[in-house]
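Please read the numbered points alongside the sequence and the coordinates.

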Amino acid sequence: MSSTASISLTQFIDFSTKVSTSARINFVKGVKDSPDYSPAIDYWKQLRDEIRRIHEKGLPITDLYHLSDNVSEAKRKNYIKNIRNYVNFIKKHDVEFFNTGKGFWQYDDLHIRTTPELGLKINGQNYLVKNYYKVKNNDSKITKKTFRLL
């Protein structure tokens with residue numbers, strides 16, 4: 001008798017980017033032993049929430065820069081870098097916001113929860129956006145090919 005495993009899309013992406021079997025095994029062990037999600041320890045939550053708020057309210061994307069004044073000094077450098085990249089991307093495209101729902105994808109006994117932060121129509125094409133921020137490390141490699149598989 002089998003049981004269904006349930007993980008988030010972010011956990012699935014993290015697993016998919018591991019470059020070795022041992023890194024994948026260690027990741028799975030870490031997921032099994034990790035506490036449930038808590039917004040209090042989510043490093044990027046403020047940025048994801050502010051991006052959504054700005055798009056939802058139709059505010060100028062450059063308002064996102066104000067967020068860096070409201071984060072801890074330890075986060076400021078990383079936030080500024082990612083805000084700059086995001087603002088530059090949005091400025092180069094025709095972007096409209098739309099609301100999204102939650103969903104899931106199931107493969108055999110694996111249940112993956114999908115909760116995009118945004119729905120964006122970019123240059124006429126609809127996208128469900130998952131803002132994915134990770135610190136680079138030697139165990140993971142993210143490429144365009146990785147995301148095409150998803």
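**Notes on the predicted model**

1. The second largest pocket has a volume of about 630 Å³. Its lining comprises 21 residues, and those nearest the centre are Ile122, Leu128, Val129, Lys130 and Asn131. Helix H4 contributes the most to this lining, with 5 residues. At least two lining residues come from each of H4, strand S5 (118-122) and strand S6 (125-129).

2. The protein chain has a mean pLDDT of 85, with 87% of its residues at 70 or more. Confidence is highest in strand S2 (residues 95-98), at a mean of 96, and lowest in helix H5 (residues 144-149), at 45. The pLDDT is below 50 over residues 145-150, a stretch that has 8 contacts in the model beyond near neighbours in sequence. Where pLDDT is low, the predicted coordinates should not be read in detail.

3. The model contains 7 salt bridges. One of them joins the side chains of Arg48 and Glu117, at 3.2 Å from N to O. Arg48 belongs to helix H3 (residues 45-57) and Glu117 to the loop between strand S4 (110-114) and S5, so this pair ties together parts 69 residues apart in sequence. Arg48 and Glu117 are both buried. A network of salt bridges links Asp42, Arg48, Glu117 and Lys130; Lys130 is also among the residues nearest the centre of the second largest pocket.

4. Glu50 counts as buried at 15% relative accessibility, whereas Arg53 is partly exposed at 35%. Arg52 is partly exposed at 23% relative accessibility, as is Glu56 at 42%.

5. Leaving aside residues up to four places away in sequence, Lys75 touches Asp42, Tyr43 and Gln46.

6. Asn88 also lies in helix H4. Its relative accessible area is 34%, so Asn88 is partly exposed. Asn88 and Thr62 are 26 residues apart in sequence, and their C-alpha atoms are 9.3 Å apart in space.

Technical notes: Residues are numbered from 1 along each chain as its sequence is written. This is a predicted model: local features need pLDDT of at least 70, side-chain atom pairs count only at pLDDT 80 or more; totals for chains, interfaces and linings use all residues. Side-chain values use heavy atoms; hydrogens and water are left out. pLDDT is the predictor's confidence in each residue, from 0 to 100. Helices (H or I, at least four residues) and strands (E, at least two) are DSSP runs, numbered from the N terminus. Contact means heavy atoms within 4.5 Å. On a 1 Å grid over the protein atoms alone, a cavity is a set of points where a 1.4 Å probe fits but cannot get out, and a pocket is an open set with protein on both sides within 12 Å along at least five of seven lines; lining residues have an atom within 4 Å of a point. Grid points are joined across faces, edges and corners, and a volume is the space filled by probe spheres set on the points. Buried means under 20% relative accessible area, exposed over 50%, partly exposed in between (1.4 Å probe, protein chains only). A salt bridge is a side-chain nitrogen of Lys or Arg within 4 Å of a carboxyl oxygen of Asp or Glu.
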